[in-house]
Amino acid sequence: MSTWNRIWKKTTYILSSLLLLLAIWQGIILTGIYDRALLPSPLDTWKAVEELATSGVLFEHLGVSLLRFLVGYIIAAAAGIVLGILLGRLERVWQIIDPAIQLLRPVSPIAWSPFIVLWFGIGNMPAIVIIFLAAFFPVLLTTVSGVRKVSPVYLKVAQNLELGKSSLLFKVIVPAAFPAIASGLHLAVGSAWIFLVSGEMVGAQSGLGFLIVDSRNMIRLDLVLAGIVFIGLSGLLLDQCLRLLERVLGKKWGEQA
């Protein structure tokens, strides 16, 4: 299948899914279960999107959220992959560190928000730290798992070929562990984006999370839904961009056709 056919097929699936959601949404409106003041219709929400877009408020908050997300996510991904590869190779060290990781991992990043605000103040840093915490552990754990599951045959062949440490890392370990690393990056995108919005609801004065809280305070549920729609669309776009990057790297390392 050609690249364009694959893109067209994927786009068709995405649009079909979005249309199904809109149909269900409109169907609930038509039943009359909820008053339009409590559940705005798709048309009312679209008008709210136009209002926010025309005033520039939407793109201002969206830009702030994306910037925070990218900074926190990239730092978390880099740290998680580097430490994951290192700890995956050092089995005894990982056996010591693993219990501490399993103790900290289930704690919601929002639970740390009182300390984060006290340590980092108000502004971008608290949200970035929350994103880092949300994304770091999935990437770390899947990377460690992927590295530890690298076939001993690959390592034996590399040893016989007398590959140096850098060649062993980039030509054997990372390509072999890549599917696990990619899985962790996907998990991290979802959790980091969710907790970004939650973090902006707690201590930020800008971003999509703040936009939703501010709209709720004004009792403008149409604006709330507009913000929710853009949160979902942005998350979908981020996921698709990551899938594209995964496909490119997968082709380079021979993991995908």
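This is a predicted model: local features need pLDDT of at least 70, side-chain atom pairs count only at pLDDT 80 or more; totals for chains, interfaces and linings use all residues.
Local features required a pLDDT of at least 70 and side-chain atom pairs a pLDDT of 80 or more, whereas totals for chains, interfaces and linings use all residues. Residues are numbered from 1 along each chain as its sequence is written, and side-chain values rest on heavy atoms, with hydrogens and water left out.

A nonpolar patch on the surface is formed by Leu-103, Leu-104, Val-107, Trp-112, Phe-115, Leu-118, Trp-119, Phe-120 and Met-125, which together have about 940 Å² of accessible area (Shrake-Rupley method, 1.4 Å probe, with only the protein chains shown counted as cover for residues). Patch residues have over 30% relative accessible area and no salt bridge, and nonpolar side chains are joined within 5 Å; a salt bridge is a side-chain nitrogen of Lys or Arg within 4 Å of a carboxyl oxygen of Asp or Glu. Two or more residues are given to the patch by each of helix H4 (91-104) and helix H5 (113-120), and the largest share, four residues, comes from H5. Helices are DSSP runs of H or I with at least four residues, numbered from the N terminus. Met-125 is found in helix H6 (residues 124-148) and is partly exposed, with a relative accessible area of 39% (between the limits of under 20% for buried and over 50% for exposed, 1.4 Å probe, protein chains only).

The largest pocket holds about 490 Å³ of space, where a pocket is an open set of points on a 1 Å grid over the protein atoms alone, fitting a 1.4 Å probe, with protein on both sides within 12 Å along at least five of seven lines, and lining residues have an atom within 4 Å of a point. Of its 16 lining residues, Leu-18, Leu-22, Trp-25, Val-229 and Leu-233 are the closest to the centre. H10 (221-252) is one of the helices that supply at least two lining residues, and H10 gives the most, with seven.

Conventions: Patches are made of residues with over 30% relative accessible area and no salt bridge: like charges are joined within 9 Å, nonpolar side chains (Val, Leu, Ile, Met, Phe, Trp, Tyr) within 5 Å. Grid points are joined across faces, edges and corners, and a volume is the space filled by probe spheres set on the points.
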